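This briefing looks at how aromatic rings pair up in the structure shown here. Please keep the sequence and the model in view while reading.

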Amino acid sequence: MQISTSNSESMVLARKKVECLLRVGEEVLPQVEEFKYLRILFTIVVKKELSWKARLSIYRPIYVPILAYGHRRWVMTERTRLRIQAAKMNFLRRVAGLNLRERDAFWTPPLRGVPDISLREEASWLAQDEFKAYAVAAGSGDAEEPMDIVVNVIDQNDNKPIFVQDIFLGEVAEASPKNFDVIQVVAKDLDEENSYNSDLRYSILSQEPKLPSNDLFVINPVTGFIRVNAGGLDREKYPKYTLEVQAADMEGNGLTGVAKVILTVTDSNDNAPAFTQSSYEASVAENKADVQIMKMMVTDGDEPHSPAWNAKFKIISGDPEGLFSVKTGPNKQEGILSTAKGLDFEKNNKHTLLVAVENEVPFALPLPTATATVVVKVEDVNEAPIFDPLEKLVSKREDLAVDSDVVQYTASDPDTARNQNVMYRIIRDPAGWLEVDKTTGLIKVKNAMDRESTFVKDDKYTALIGAYDNDEVPATGTGTLVIQLEDVNDNAPIIEERTIRVCNKESTPHLLSVTDKDGPGYGSPYSVSLQGTSKSNWTARMNDSKTGIILNLATQLDSGQYTVVLRVSDRQGLEQDSTVQATVCDCTGAEVRCKDRVAAGTDLSLILGVLGGILFLLMVVLLLLLLARRRRGVKKEPLLQDTDVRDNIFYYDEEGGGEDDQDYDLGVLHRGLDNRPEVFRNDVVPNFMPAPQYQPRPANPEEIGNFIDHNLKAADNDPQSPPYDSLLVFDYEGGGSESGSLSSLNSSNSGDQDYECLSEWGPRFKKLADMYGGGEDDML
């Protein structure tokens with residue numbers, strides 16, 4: 001075919017502009033964006049996807065004439081015809097997705113000037129076609145006006161139904177009721193829609209397996225829904241069914257297509273869990289919560305580890321107080337029974353429970369619920385006595401006399417069946433003020449109490465009282481005793497400042513603070529008076545608030561140190577003398593500058609005499625030490641001669657020796673604990689008791705006595721100060737000693753032993769000399 005390049009142009013139909021060079025021989029056809037052909041305007045850009053009908057409208061008026069261009073000069077051969085057919089099918093395949101069998105129309109170009117139309121339409125996608133026919137006279141142009149030709153295509157049943165899937169997969173629960181829709185199958189027919197040729201009917205051809213019945217499933221012939229037709233589905237026996245279904249057109253009388261449907265039977269809760277035993281029995285000690293009592297196993301015929309298989313337990317009777325709990329074990333097939341609270345043997349020594357088991361999901365069918373009877377026996381244990389109340393508050397005066405009754409604090413033993421005695425002891429008494437009667441629980445004052453003690457917090461003193469029974473393994477209960485100490489006026493006011501410095505000329509007054517350890521009712525206002533020689537040299541008065549003393553030098557004194565005695569009393573007249581060490585300096589006014597600190601009135605000869613006395617005492621001590629050392633260096637004559645050999649008799653130069661000369665096995669002392677592994681030795685710091693508080697060293701020398709007494713009491717009651725209480729158990733040492741019995745040492749006079757020498761060994765052997773050598777004991 002020859003193309004006239006002068007009369008030809010090129011254009012690309014696309015959604016966007018595309019550059020394309022079409023070369024014919026050596027020339028390039030110009031590319032245009034639009035052109036008109038057969039009164040139809042074609043543009044370069046197509047703004048939307050063209051339908052297959054629009055594409056065919058391009059095929060008929062454009063593509064076919066182009067193929068037939070210059071047909072007047074063609075000599076149609078079979079090869080040419082096949083090439084034209086291949087070109088047409090390539091176009092149709094692209095625009096409509098049709099193959100040769102499904103092509104719209106095959107048009108053979110007119111030969112020899114005579115229109116020859118051969119059509120084969122498929123009604124599946126084109127029911128009607130319209131086109132124009134032209135009559136052309138050779139060499140004369142158009143012979144007549146174009147003629148419209150309309151071709152109506154009549155459908156034939158030449159397409160069999162085709163299922164959209166070759167294999168359909170579905171699931172059906174084994175407990176599905178009758179007429180339950182399982183799955184829908186769908187088939188398509190390419191013949192004319194809504195016509196007799198495409199009217200499909202569905203049916204089931206076969207079922208595998210055919211058990212328990214051959215008609216377990218039916219299919220809706222019109223919609224294709226497969227539903228359950230009968231009961232008997234059992235996943236445990238028949239877990240899968242295969243159905244062969246058929247679709248036929250012409251209302252089931254035409255062409256047919258087949259497909260397979262595989263239905264998997266899923267598990268339903270159609271098997272109730274059952275206990276492996278109908279009754280259980282166990283025992284548990286009383287007073288223990290969250291203790292596992294037993295495990296109850298169950299079985300279930302449903303699919304393992306599915307919600308229909310997993311067990312769930314509950315107590316349905318026998319536990320009105322909520323003393324027990326039951327939960328599912330990790331394997332989901334056991335129930336674990338435990339105590340939710342501590343059981344009381346004295347209240348109820350046996351509990352009978354009814355435990356039921358279900359699944360995590362409800363039963364698919366009406367099924368009975370399995371139950372089991374559980375008998376739990378409570379074991380009696382020795383319980384500690386219980387104080388009532390656990391914390392007892394009493395109010396007492398702090399000056400309550402020693403050996404006075406504080407309160408009777410008793411406990412009761414919950415083990416009523418054991419008939420045990422309850423005894424009492426002090427567990428924690430930080431200040432050591434109390435003692436308790438062992439049998440009655442009466443608490444008395446052991447040492448004087450003091451509200452102002454460091455062991456008292458917010459006027460309250462706390463002690464821990466213990467009550468224990470007389471069981472083989474005693475149990476101890478504790479109660480807290482809180483004593484509210486009522487304040488009494490037992491502390492005189494004291495002066496805080498004990499040293500001052502003043503000038504001996506025009507001195508400024510000093511303000512001294514006064515404190516009282518007692519409460520507000522026994523404190524300020526205070527009063528003060530000077531005592532002794534201080535009256536003539538000093539003045540003292542209370543300040544306006546009556547809480548401080550204004551001390552001032554009344555006369556000019558020589559520089560030195562002076563002791564000022566002040567007697568201070570509280571509002572109830574309780575008084576105490578306090579001393580203030582005043583350093584008087586030779587200066588004037590408020591700025592104190594001391595040049596020397598030699599005490600006024602102190603005789604130099606007296607000081608030298610004191611120093612001489614001290615030196616004399618030191619010399620006497622040194623002389624005594626030298627004499628003692630010299631006496632220690634003198635060698636004493638031994639009581640026994642070195643040549644004197646006696647069995648098992650040793651002599652020493654000084655007291656305290658002997659242990660290093662013999663090899664003793666001290667391990668035998670611990671064999672008692674080795675034979676008693678159930679007894680433990682507590683030789684560690686009892687850290688559950690608070691350490692007492694020790695008072696710091698007071699600045700006032702007059703308080704030294706109280707300071708020592710208080711800290712001695714604190715050290716005596718300090719639980720963290722060694723030695724600690726230790727439990728030492730020594731077992732029976734056994735028999736068969738190689739040394740024989742001590743009964744062989746008798747006072748018989750028989751034998752050839754001479755015991756007269758015992759009297760020469762000194763006073764340490766006097767008793768033996770009297771027993772065996774004759775002496776004072778023989779005279780009795």
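**Aromatic pairs in the predicted model**

The count comes to eight aromatic pairs, where rings of Phe, Tyr and Trp (its six-membered ring) pair if their centres lie within 6.5 Å, with planes under 30 degrees apart counted as stacked, over 60 as edge-to-face and the rest as tilted. This is a predicted model, in which local features need pLDDT of at least 70 and side-chain atom pairs count only at pLDDT 80 or more, while totals for chains, interfaces and linings use all residues. Residues are numbered from 1 along each chain as its sequence is written, and side-chain values use heavy atoms, with hydrogens and water left out.

**Phe387 and Tyr409**

- The ring centres of Phe387 and Tyr409 lie 4.6 Å apart with their planes at 45°, so this pair is tilted.
- Phe387 sits in strand S26 (residues 386-387) and Tyr409 in the loop between strand S28 (405-408) and strand S29 (411-412), so that the pair links distant parts of the chain, 22 residues apart; strands are DSSP runs of E, at least two residues, numbered from the N terminus.
- Phe387 is buried at a relative accessible area of 2%, and Tyr409 is buried at 1%, where buried means under 20% relative accessible area (1.4 Å probe, protein chains only).

**Trp433 and Tyr461**

- The rings of Trp433 and Tyr461 have centres 4.5 Å apart and planes at 35°, so this pair is tilted.
- Trp433 lies in the loop between strand S30 (422-428) and strand S31 (434-436), and Tyr461 in strand S33 (residues 460-469), so the pair ties together parts 28 residues apart in sequence.
- Trp433 is buried at 3% relative accessibility, and Tyr461 is buried at 0%.

**Aromatic cluster**

- One aromatic cluster is formed by Phe163, Phe168 and Tyr202.

Key
Helices (H or I, at least four residues) and strands (E, at least two) are DSSP runs, numbered from the N terminus. Buried means under 20% relative accessible area, exposed over 50%, partly exposed in between (1.4 Å probe, protein chains only).
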